[in-house]
Amino acid sequence: MTTDHPQTPRIDTGRAHPARVYDWLLGGKDNYPVDEAVGETLPPEARDAARQNRAFMNRAVAHLAARGVDQFLDIGTGIPTEPNLHQIVQRTVPSARVVYADNDPIVLRHAEALLVSSPEGATDYIQADVREPDEIVRHAREILDFDRPVALSLIALMHFVPDDQDAHGIVRRLVETLPSGSHLVLSHAAIDLFPELAEQVIAQYAKGGIRLGFRTRAEVARFFDGLELLPPGLVTATEWYGEGQEPPAREDSGIYAGVARIP
């Protein structure tokens with residue numbers, strides 16, 4: 001099941017967009033020269049971070065699906081890259097329902113063609129910005145039952161929302177709409193693990209017109225205030241794995257990651 005969208009908004013190919021730069025970093029083809037120009041200026045570790053983020057998302061949502069979670073709200077989806085979130089969770093829970101949201105029109109265009117649910121479940125997608133949490137939740141309620149637990153996924157997204165745009169307030173607003181037993185899945189670029197690399201990435205994105213707000217571990221931990229972090233807590237993306245999962249290969253990561261339950 002999917003929902004029809006009558007008109008895809010115009011895609012701006014003259015300005016770099018985080019979703020398309022991320023696609024380039026993952027080796028995708030759904031980007032434009034302006035996105036590639038940003039990606040090529042980034043250090044090699046940026047590609048590692050994109051891969052690590054993706055792998056963390058795969059492990060985290062698979063872990064939640066194994067625990068019976070069957071509703072997911074994924075904001076900052078990015079361009080579809082298999083396996084997509086709904087494919088991962090519907091392997092375990094075929095009836096799972098997933099709502100995707102991203103603010104790049106190219107994501108919506110590809111989503112309509114590629115994010116096809118299992119017959120038992122449902123997927124939907126909306127062009128929306130995380131800075132408009134009420135609009136996202138309003139739409140998500142059309143597909144998801146907010147009287148039952150929902151997993152909110154914010155993968156490598158909130159570091160694109162600087163402090164002056166109230167990143168912590170946005171996440172708090174989203175979490176407040178979710179019932180007890182829901183989860184927050186979040187990964188976020190660190191400013192304090194590899195500071196020189198982080199500053200280089202911030203500067204190159206800025207040249208492409210994209211502002212970044214990398215944060216310290218304490219600042220990332222604030223996104224989980226009042227929530228119950230699942231083991232192993234707030235760690236780097238390559239250190240996080242769920243109960244019963246194989247530990248990922250040991251490698252450095254400049255990404256913090258965590259999964260928490262809403263009490």
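Me: Where is the place of A156?

Reply: A156 sits in the loop between β4 (151-155) and α7 (167-176); helices (H or I, at least four residues) and strands (E, at least two) are DSSP runs, numbered from the N terminus. The model is predicted, local features need pLDDT of at least 70, side-chain atom pairs count only at pLDDT 80 or more, and totals for chains, interfaces and linings use all residues. Residues are numbered from 1 along each chain as its sequence is written, and side-chain values use heavy atoms, with hydrogens and water left out.

Me: Which peptide bond is cis?

Reply: The bond from P231 to P232 is cis, with omega near 10°. P232 belongs to the loop between β6 (228-229) and β7 (235-236).

Me: How is the packing of α1 and α2 read: at what angle do their axes cross?

Reply: Axes are lines fitted to C-alpha atoms, for helices over the stretch in contact, and angles run from 0 to 180 degrees between N-to-C directions. The axes of α1 (residues 18-25) and α2 (residues 33-41) come within 9 Å and cross at roughly 60°. The two helices are therefore oblique to each other (angles under 35 degrees count as roughly parallel, over 145 as roughly antiparallel, 65 to 115 as roughly perpendicular and the rest as oblique). Their crossing is right-handed, meaning that the near helix is turned clockwise from the far one by less than a right angle. On the α1 side the contact (heavy atoms within 4.5 Å) is made by R20, V21 and W24, and on the α2 side by V34, D35, E36, V38, G39 and E40. These residues divide into four nonpolar, one polar and four charged, where Ala, Val, Leu, Ile, Met, Phe, Trp, Tyr, Cys and Pro count as nonpolar, Asp, Glu, Lys and Arg as charged, and the others, Gly among them, as polar.

Me: Which residues make the contact of α1 with α3?

Reply: The axes of α1 and α3 come within 9 Å and cross at roughly 100°, and the helices are therefore roughly perpendicular to each other. Y22, W24 and L25 of α1 meet A46, R47, A50, N53 and R54 of α3. By class, this contact has five nonpolar, one polar and two charged residues.

Me: Are α3 and α4 parallel or perpendicular?

Reply: α3 (residues 45-66) and α4 (residues 85-92) pack at about 30°, their axes 9 Å apart; they are therefore roughly parallel. The crossing of α3 and α4 is right-handed. M57, N58, V61, A62, A65 and A66 of α3 touch L85, I88, V89 and T92 of α4. That contact has eight nonpolar, two polar and no charged residues.

Me: What volume has the second largest pocket?

Reply: Its volume is about 190 Å³. Its lining comprises four nonpolar, three polar and four charged residues, including Y241, R250 and D252.

Note on methods. 1 Å grid on protein atoms, 1.4 Å probe; cavity = no way out; pocket = protein on both sides within 12 Å on 5 of 7 lines; lining within 4 Å. Points joined across faces, edges and corners; volume = space filled by probe spheres on them.
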